[in-house]
Amino acid sequence: MPPKKKGKGKRGKKKGKKKNDAELTIDDKYKKTLHEIEALQDHLASRKEIARRSQAHSEEWKLKMETAHDDLVTQKDDQKAISTDMTRQYKHMQTELNAEIHRLAAQLDKMRAKLDHTEYRLKETTSEKERITKEKDALIAELQDKIKNMEFSYESMMQEALDNMVSKLSDAQKRWQQRATSIHFESKQKLMEFGLNPLDI
């Protein structure tokens with residue numbers, strides 16, 4: 001009876017697990033899967049021990065019943081009823097023990113299958129984590145390359161703009177120098193027309 005109660009408890013936990021899987025991250029799923037494997041392995045070892053003890057208990061009772069049966073056969077006729085009853089109890093117990101052994105063996109196979117499935121899910125989760133990590137690293141590298149290209153383009157644009165500005169300032173300076181020379185010459189001519197020496201001014 002205790003193993004059945006544990007089975008019901010597991011089904012309740014399984015429903016809760018389905019509900020929360022969507023809310024977990026890859027790392028959380030990975031850690032949770034490891035915990036599940038450890039729990040399944042502990043449970044599997046416990047079931048193996050129970051099966052072994054049940055088998056040993058069965059063999060012990062079988063030996064006791066056979067010894068009791070041999071002793072009772074040699075007794076008086078009024079003790080045959082006791083022997084018959086003991087034999088009936090033995091057979092009933094043997095049947096129950098065999099049924100329990102078969103049930104535990106079936107549960108053991110089920111736990112092994114569940115363990116295999118959990119290990120498979122662990123491999124899938126690990127592969128998914130590695131794939132996401134590679135994609136993230138590739139994206140970071142791509143963004144870094146784009147940033148470098150943008151920095152280079154920006155520097156080129158700034159250098160070109162500065163070169164254009166320097167060129168324009170140089171042209172403007174030449175024009176102003178030419179204009180200043182022209183104004184200076186015109187002023188000198190006018191002073192000379194009025195009979196003034198530009199050097200005296």
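E60 and K64 sit four residues apart in helix α2, about one turn of the helix; helices here are DSSP runs of H or I with at least four residues, numbered from the N terminus. The two side chains form a salt bridge, with the closest N and O atoms 3.3 Å apart. The term requires a side-chain nitrogen of Lys or Arg within 4 Å of a carboxyl oxygen of Asp or Glu. E60 is partly exposed at 40% relative accessibility, and K64 is partly exposed at 44%. Buried means under 20% relative accessible area, exposed over 50%, and partly exposed in between (1.4 Å probe, protein chains only).

This is a predicted model, in which local features need pLDDT of at least 70 and side-chain atom pairs count only at pLDDT 80 or more, while totals for chains, interfaces and linings use all residues. Residues are numbered from 1 along each chain as its sequence is written, and side-chain values use heavy atoms, leaving out hydrogens and water.

Helix α2 spans residues 26-73 and also contains E66. E66 belongs to a surface patch of negative charge together with E59, D70 and D71. Such a patch joins like charges within 9 Å, taking residues with over 30% relative accessible area and no salt bridge; Asp and Glu count as negative. E66 has a relative accessible area of 40%.

Helix α3 covers residues 80-193, and in this helix D109 and R112 are three residues apart. Their salt bridge has an N to O distance of 3.9 Å. Further along, E142 and K146 form a salt bridge at 3.6 Å, four residues apart in helix α3. Shared partners link E128, R131 and E135 into one salt-bridge network. The model has nine salt bridges by this rule.

Definitions and conventions. Patches are made of residues with over 30% relative accessible area and no salt bridge: like charges are joined within 9 Å, nonpolar side chains (Val, Leu, Ile, Met, Phe, Trp, Tyr) within 5 Å. Accessible areas come from the Shrake-Rupley method with a 1.4 Å probe; for residues, only the protein chains shown count as cover. The place of a charge is taken as NZ of Lys, CZ of Arg, CG of Asp or CD of Glu. Helices (H or I, at least four residues) and strands (E, at least two) are DSSP runs, numbered from the N terminus.
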